[in-house]
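Hi,

Here is the structure I promised to pass on to you. Please open it alongside this email, and I will walk you through what turned up.

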Number of protein chains: 2
Amino acid sequence: MKNRFLILLVLLSFAFAKAQLQQSTASDSLMMRSIYDHNLTQSKSYAWLDHLSNKIGGRLSGSVQAQLAVDYTLAELKKVADSAWLQPVQVPKWTRGTPEYAYIELSDKSTINVNISALGGSVATPDAGVRAKVIEVHSLKELESLGKQKIKGNIVFYNRPMEPKKIQTFEAYGGCVDQRYSGAREAVKYGAVAVIVRSMNLRMDDLPHTGAMSYGDLPLEDYIPAAAISTNDAEKLHSSLKSDAGLNFFFHQSCENLGEATSYNVIAQIKGSTYPDEIIVVGGHLDSWDLGDGSHDDGAGVVQSMQVLESFKRLDYKPKRTIRVVLFMNEENGLRGARAYAAAVKEDKENHIVALESDAGGFSPRGFSFDASEQQMNQVDNWRQLFKPYLIHFFEKGGSGADVGPLKGNNTVLIGLRPDSQRYFDHHHAANDIFDAVNKRELELGAATMTSLLYLYDKYGVIIQKLD
Amino acid sequence: MKNRFLILLVLLSFAFAKAQLQQSTASDSLMMRSIYDHNLTQSKSYAWLDHLSNKIGGRLSGSVQAQLAVDYTLAELKKVADSAWLQPVQVPKWTRGTPEYAYIELSDKSTINVNISALGGSVATPDAGVRAKVIEVHSLKELESLGKQKIKGNIVFYNRPMEPKKIQTFEAYGGCVDQRYSGAREAVKYGAVAVIVRSMNLRMDDLPHTGAMSYGDLPLEDYIPAAAISTNDAEKLHSSLKSDAGLNFFFHQSCENLGEATSYNVIAQIKGSTYPDEIIVVGGHLDSWDLGDGSHDDGAGVVQSMQVLESFKRLDYKPKRTIRVVLFMNEENGLRGARAYAAAVKEDKENHIVALESDAGGFSPRGFSFDASEQQMNQVDNWRQLFKPYLIHFFEKGGSGADVGPLKGNNTVLIGLRPDSQRYFDHHHAANDIFDAVNKRELELGAATMTSLLYLYDKYGVIIQKLD
């Protein structure tokens, strides 16, 4: 009899738990529908992006535009947050200058103009430019086998393309970007006078794509100029070298490292009603490269993050936990904002349970990548069905984002939004990263998807378990 | 003992079946990797689309360009197919003519120019244009309540926008397109002199989007001119009417119905080695509207379908079943090609086991929609995992495509490729449906995804069961 009663009790409690779960799922489903509806009809994200892109423009760290973006986003966030403030950060200041130009000079003295752009952090060429013979390589390692004898006095041309077979284009980027970041530093060791790097772009076009490079520990006097060349022109240089190995390459650039400047992370939050000390961060980076207006990288992530607060506010949702937006400064060429923010979190012993970054473009959202434990992934798996009506299907373990990366540890779940990546590198760091390349609905769907995930984390918290 | 032996036998046969399944899945996985690799590195689809779009252009049924497209695709298909042929089809011939122009004339006689385009099949305005007062409505039904008294002698302006809350934009289109297709026919009954229809476009911009309309059974003398107006201008007209209900709208268009012309479906196949009578069809439609060059609608589907044959050929895959490409003529304004093809299939008693259409743009593929039985869906469910590395996740029951629709019945599995739909209606039937709006990789991924699914159907056949 006692057993029977126990069994009944267990069954009843199962049924009760199941009913609760169903009820909860139904209310989550309704809340998410409201979030998507709001975003698709009344979002401010597109208008914010229009301002950032078209009224302000490219926002290189330390530039006037970066400061305008700080002022603008702070003012806008104040309208939707409980509080908003700036965190000062020292950032490197680098300026492109003009003009930038380049050509291939064939042995018969005829020339072919090509499109280049200085890599971020590069030194200028001498006033008269650089003119030298070209050694084409496909990896840093190849320099070794060529040796000083073949490289000295020449321009090294890194021409390994992004791997088109990769379905996720960020993997193709990851497999290629060492040429841009470390190409100059390595080539110097073999006596190169400059480096030219094939743009990190899967598309064949005429646009050079800039991006960060580093001289590492090299002494200042060893620095050599480094520039990106468009994919079409990389092919042109390659085929010219095939038929005329003795050609010269000429380029001129006027960029300059101007020391450091004071800039800011922009921070705003809605304080949690029940667990104010459990902080959920959402962010993107406010700085951008200068060739376009940084709409995809990362204006989109900035306005989507702001939109999370706006949506909660307008939907009159009072979060239990603190929802904080952080617009990081200097992701592109230093990560100073991210490091400063993480240092402050550590010093203040703040408890960050979740940190979500959107920095993969304003394209149609597919899901999220989680730097999280298995148990934390199980929690997310329970939410998959809720996202299905919105065609959000990607919930995988993996990386998160450069700016939230320094928050790793203390069981913080680090997350990166994963939009469709096929078009991203067509625009990344190039002159066509502009407002018109962002589709309003895709941007809004991304923000709605982020808001929905953070709503669930706010409601249920995070399962606490040591990271694997 | 006997029982034990039986159990052992059952277990062994399970293990054997499982091992076979694993082996089979492994070989399918490898084959699909080859298909994607080939498509992402050596596909002809983008070059074919370049030719169709930039060398030929918009391919309205009965036009010179439509004929050029027939000739070109037939010649290209002959290079990769066992056989290729034309199926003659009588198609309606309609021509836009020039000029098309329109303006709002306010009560104070000031004017505002707006962008319109004749709907496909519409009659011209009189030479002097149409000038009349405007009645704005949001549905066909609303005409009833307004009645003849309010409508007679006026222009009816249909201004119900696409529903932005729909995640799948085709649903928003479906909920709106009655205004375009039947708006004139209905308005005539109440004495309207013309209709203006808000473009089927989720984006606010200046481009009118044309598309098919029908006068139904109306006598010729009752036909009234019908035009699309851009979304921005629809808003302009709406707000002008708010402040000045007595304004006039003027428009002029010179379009003409020119009877019928002979055109063709283009058909090509690789004959099956084992079951040649089981036919797998893949197709898109060769005709397009005339305002752009029809790159997304449906140049993309055409070249992706051709690419299925090209991939099998280049990968040296010999299909067991017959793989047939059909490039349908006249999807846009008559569906004559699709009907003629289905009629021929019926007459020849051909056995079509699968018919897949790509007619939703050349965007990043997400999966497929199946007009199929539950059991046929179970078969597809087994293949889901194979598509996961390619981020293909959508396998749902639903519609297929306008051109394969007439093949319904006889257990044919009808399928539509489902690319990401967010940007589709930004371009659909408008002047910006052009080659540059198609991303090469997205187009190629779509073709690879189609080829992979058809590879699986070719290898395993279709489960035979009556449709629900």
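Let me start with a piece of sheet in chain A. Strand β2 (residues 101-105) of chain A runs antiparallel to strand β9 (residues 248-252) of chain A, and the two pair over 5 bridges. Strands here are DSSP runs of E with at least two residues, helices are runs of H or I with at least four, and both are numbered from the N terminus. Two strands count as paired if DSSP finds at least two bridges between them. A:Tyr101 has A:His252 as its bridge partner in β9(A). Strand β5 (residues 130-137) of chain A also pairs with β9(A), again in the antiparallel sense, over 4 bridges. There, A:Lys133 stands opposite A:Asn248.

Before going further, a word on what you are looking at. This is a predicted model, in which local features need pLDDT of at least 70, side-chain atom pairs count only at pLDDT 80 or more, and totals for chains, interfaces and linings use all residues. Residues are numbered from 1 along each chain as its sequence is written, while chains are lettered from A and ligands numbered from 1 in the order in which they are written.

Now for the two chains. Chain B can be laid on chain A by a turn of 180° and a shift of 0.0 Å along the axis, with an RMSD of 0.0 Å. That is the relation of a two-fold axis. The superposition is by least squares on the C-alpha atoms of residues with pLDDT of at least 70 in both copies. Which residue of chain B comes closest to the rotation axis? B:His393 does, with its C-alpha at 3.5 Å.

Where the chains meet, 23 residues of chain B are in contact with 23 residues of chain A (in contact means that C-beta atoms, placed from the backbone, lie within 7 Å). On the chain B side, α1 (2-42) and α13 (440-460) are the elements that give two or more residues, and α13(B) has the largest share, with 4 residues. By class, this side has 9 nonpolar, 5 polar and 9 charged residues. Ala, Val, Leu, Ile, Met, Phe, Trp, Tyr, Cys and Pro count as nonpolar, Asp, Glu, Lys and Arg as charged, and the others, Gly among them, as polar. Of the interface residues of chain B, 100% are also interface residues in chain A, so the copies meet through the same surface.

Within chain A, the domain assignment, which comes from an automatic or database source, gives domain 1 (35-92 + 259-460) and domain 2 (99-257). Their C-alpha centres lie 33 Å apart. Contacts link 14 residues of domain 1 of chain A to 18 residues of domain 2 of chain A.

What about the inside? The largest nonpolar core has 93 residues, and A:Leu309, A:Val325, A:Val354 and A:Leu454 have the most contacts inside it. Helix α13 (residues 440-460) of chain A gives the most to this core, with 10 residues. A second, separate core of 92 residues includes B:Met162, B:Met200, B:Ala338 and B:Leu356. A core of this kind is a set of buried Ala, Val, Leu, Ile, Met, Phe, Trp, Tyr and Cys residues joined through C-beta atoms within 7 Å. Buried means that 20 or more other C-beta atoms lie within 10 Å of a residue's own, exposed means 12 or fewer, and partly exposed is in between, with C-beta atoms placed from the backbone.

In chain B, 6 of the 7 residues of strand β13 (residues 351-357) are buried, so this strand is largely enclosed by the rest of the structure. Strand β11 (residues 275-285) of chain B pairs with β13(B) in the parallel sense over 6 bridges, and B:Gly283 stands opposite B:Glu357. β13(B) also pairs in the parallel sense with strand β16 (residues 413-419) of chain B, over 4 bridges.

Finally, some backbone details. A cis peptide bond joins A:Thr98 and A:Pro99, with omega about -10°, and A:Pro99 is in the loop between β1 (83-95) and β2 of chain A. The bond from B:Thr98 to B:Pro99 is cis as well, with omega near -5°. A:Leu391 has a positive phi near 60° and is buried, with 22 other C-beta atoms within 10 Å. B:Asp316 has a positive phi of about 60° too, but counts as exposed, with 7 C-beta neighbours inside 10 Å.

Enjoy exploring!

Conventions
Contact = placed C-beta atoms within 7 Å.
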